[in-house]
Amino acid sequence: MSAATEARLWYAQRISAMVLALCVTVHEGLTAAAILGRTQGSILAGSFYALFVIACAIHVPIGLARVFEEWLRWRGRVMWVATLMIGAVTLGLGLCAVYAVVIK
């Protein structure tokens, strides 16, 4: 992998970590009932949780790629396909959940 790609991944993970830190701070301490009460029908709350999901879908695959490299010695295309699939599933299921809570 090129140095430029590595740098982009590093920045993407750091920026997504900053977004996650903010989202966790806002989300912290809320019960499921409180979250549902705030999000049902609220486009603003839905946008917040969609941002939360997107940040997770960016952050998690990059971190998992590093874990796979270090612990499992996975390299190359197989590792990236596996981590991108996990990211896609995270994004898809997360946005479906946000949609279900906010819109339905």
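I shall go from the overall layout to the helix packing, then to the cores and a few individual residues.

First, the conventions. This is a predicted model, in which local features need pLDDT of at least 70, side-chain atom pairs count only at pLDDT 80 or more, and totals for chains, interfaces and linings use all residues. Residues are numbered from 1 along each chain as its sequence is written, and side-chain values use heavy atoms, with hydrogens and water left out.

Now the overall layout. The protein has four helices and zero strands, where helices (H or I, at least four residues) and strands (E, at least two) are DSSP runs numbered from the N terminus. From that terminus on, the order of elements is α-α-α-α. Taken along the principal axes, the C-alpha atoms fill a box of roughly 45 × 25 × 20 Å. Of the 104 residues, 26% count as buried; buried means under 20% relative accessible area, exposed means over 50%, and partly exposed lies in between, with a 1.4 Å probe and protein chains only. As for contacts, meaning heavy atoms within 4.5 Å, residues 24 or more positions apart account for 67% of those with a separation of 6 or more.

Let me turn to the helix packing. How do α1 and α3 pack? Helix α1, residues 3–27, and helix α3, residues 43–72, pack at an angle of about 135°, with their axes 8 Å apart. Axes here are lines fitted to C-alpha atoms, for helices over the stretch in contact, and angles run from 0 to 180 degrees between N-to-C directions. The two helices are therefore oblique to each other. On this scale, angles under 35 degrees count as roughly parallel, over 145 as roughly antiparallel, 65 to 115 as roughly perpendicular, and the rest as oblique. The crossing of α1 and α3 is left-handed, a term for a near helix turned anticlockwise from the far one by less than a right angle, with right-handed for clockwise.

On the α1 side, the residues in contact include Leu9, Ser16, Leu20 and Cys23; on the α3 side, they include Phe48, Phe52, Ile62 and Arg66. By class, the residues of this contact divide into 16 nonpolar, five polar and two charged. In that scheme, Ala, Val, Leu, Ile, Met, Phe, Trp, Tyr, Cys and Pro count as nonpolar, Asp, Glu, Lys and Arg as charged, and the others, Gly among them, as polar.

The next pair is α3 with helix α4, residues 76–102, which pack at an angle of about 165°, with their axes 9 Å apart. That makes α3 roughly antiparallel to α4. Their crossing is right-handed. The contact of α3 with α4 has 20 nonpolar, five polar and two charged residues.

What, then, makes up the largest nonpolar core? A nonpolar core is a set of buried Ala, Val, Leu, Ile, Met, Phe, Trp, Tyr and Cys residues joined through side-chain atoms within 4.5 Å. The largest has nine residues in all: Leu20, Cys23, Ile35, Tyr49, Phe52, Val53, Ala55, Val98 and Val102. The elements giving two or more residues to this core are α1, α3 and α4, and the largest share, four residues, comes from α3. A second, separate core of six residues includes Ile62, Ala65, Met79 and Trp80.

I close with individual residues. Threonine 83 lies in α4 and is buried, with a relative accessible area of 0%. Leaving aside residues up to four places away in sequence, threonine 83 touches Pro61, Leu64, Ala65 and Phe68. Glutamate 69, in α3, is also buried, at a relative accessible area of 19%. With the sequence neighbours up to four places away not counted, glutamate 69 touches Trp74, Arg75 and Met79.

Two loop residues remain. Arginine 73 lies in the loop between α3 and α4 and is exposed, with a relative accessible area of 60%. Most residues other than glycine have a negative phi. The phi of arginine 73, however, is near 60°, a positive value. Glutamine 40 is in the loop between α2 (32–39) and α3, and at 54% relative accessibility counts as exposed. Not counting residues up to four places away in sequence, glutamine 40 touches Val101 and Val102.
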